[in-house]
Amino acid sequence: MALILGIESSCDDTAAAVFDTAQQKILAYRTYSQQTHLEYGGVVPELASRSHLEKIGPVVALTLKQANCTIQDITAIAVTSKPGLAGSLLVGLCYAKGLAFARNIPLIAVNHLEGHIFSSFLNLDGTVRTEIPFPHLCLTASGGHTALYLVTDFGEFTLLGQTRDDAAGEAFDKIAKLIGFSYPGGATIEKLAREAGFRDVYTYPRNKFMSTDYSFSFSGLKTAVLYDLAKQGFVDLKTGQRTTLLTAEIQQNVASSLLICIGDIFEKTIVNALEEAQHKIEAVTFVGGVACNKYLGALLALAAERCKATLFTSPPPFCTDNAAMIAFVGAYKFTKGEIAPLDVDIF
Ligand code: KG4
Ligand code: ZN
């Protein structure tokens with residue numbers, strides 16, 4: 001039996017979790033989401049690393065308390081080492097190294113993207129889902145990444161395609177900001193789209209922003225929305241800024257049309273990949289912050305079903321950045337003996 005402490009600090013969330021390999025369960029998890037970036041419309045790296053430094057100690061202490069254990073009970077420390085903001089990653093990695101060195105226990109370096117890919121294996125109560133078959137497809141969509149993977153086993157995955165520029169979450173965040181809302185904008189876009197009845201009012205172009213090699217261009221889509229708003233006289237193309245306040249109806253219509261467009265891109269991508277696999281793949285997982293979106297989840301579940309596959313989505317606390325997914329990946333790496341040297345670096 002092993003207790004794995006997971007630590008995550010790759011962007012603007014300071015998180016910790018404890019996974020028990022005997023019970024195959026997350027015993028406790030906590031995420032502190034930094035509010036300091038709200039007024040800047042995006043994550044400010046220097047502020048993020050300072051905030052991690054303040055919060056990491058209390059977050060780890062509270063998580064251990066909630067898991068009813070102490071640092072003396074921990075068998076190994078799993079920590080996100082890449083990819084992410086350098087300063088943010090360094091805080092988590094140095095903290096984890098310090099604990100591992102002081103306690104003389106193994107350190108496990110976890111790729112944040114691997115964390116997201118396997119986050120769908122966690123139920124909301126922390127137990128491990130056993131019904132997701134291998135091989136399966138995984139669509140990861142967050143503020144930093146949008147990619148499609150073929151997943152063949154725990155820790156075994158191949159990139160099929162990814163965004164050529166912005167991530168899908170970034171497109172939601174940037175368009176939300178453009179139409180007058182604060183960062184992060186994904187959940188706001190979903191709320192506005194629901195108010196608009198999920199109508200595709202502007203039918204933004206989509207086919208040219210996805211490709212048969214499973215790559216996407218959400219920066220291209222963002223520009224298309226910008227040009228459309230400029231055509232309606234709401235945006236100055238020279239500055240890329242809004243020139244006037246938008247009515248609630250326009251905000252709802254932009255949000256709804258954007259969500260439907262991104263939904264179409266995801267749906268076509270998944271259907272193409274399942275058809276190319278000649279229906280030998282029976283499951284698709286949808287993970288990352290954007291997977292909190294209920295409209296997208298329902299749309300992709302129906303698309304998968306039409307291709308005789310089942311869609312599995314991570315529970316919302318494990319969609320956005322969290323340490324439960326890092327502790328879970330750390331646990332199978334620990335079992336496989338994948339221990340990192342104490343001089344492992346961030347990327
Ligand atoms: O996974 P995450 O917490 O951080 C990264 O690794 O980037 O994802 C954050 C992203 C943000 O872009 C946010 O706008 C988006 O997830 N997001 C959503 C929703 N909730 C969060 N996007 C669409 N619909 C949502 N309900
Ligand atoms: Zn993430």
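**Cysteines and overall shape of a predicted chain**

Reader: How many disulfides does the structure hold?
Author: A disulfide is a pair of cysteine sulfur atoms within 2.5 Å. By that cut-off, the number of disulfides in the structure is 0.

This is a predicted model, in which local features need pLDDT of at least 70, side-chain atom pairs count only at pLDDT 80 or more, and totals for chains, interfaces and linings use all residues. Residues are numbered from 1 along each chain as its sequence is written.

Reader: Which cysteine has the sulfur nearest to that of C11?
Author: C11 is in no disulfide. The nearest cysteine sulfur is 15 Å away and belongs to C292.

Reader: Is C261 buried or exposed?
Author: Buried means under 20% relative accessible area, exposed over 50%, and partly exposed in between, with a 1.4 Å probe and protein chains only. C11, at 23%, is partly exposed. The relative accessible area of C261 is 0%, so C261 is buried.

Reader: What radius of gyration does the chain have?
Author: The radius of gyration is taken over C-alpha atoms, and the globule rule is 2.2 Å times the number of residues to the power 0.38. For 347 residues, a compact globule would have a value near 20 Å. The chain agrees with this, at 20 Å.

Conventions. Chains lettered and ligands numbered in written order. Heavy atoms only, no water.
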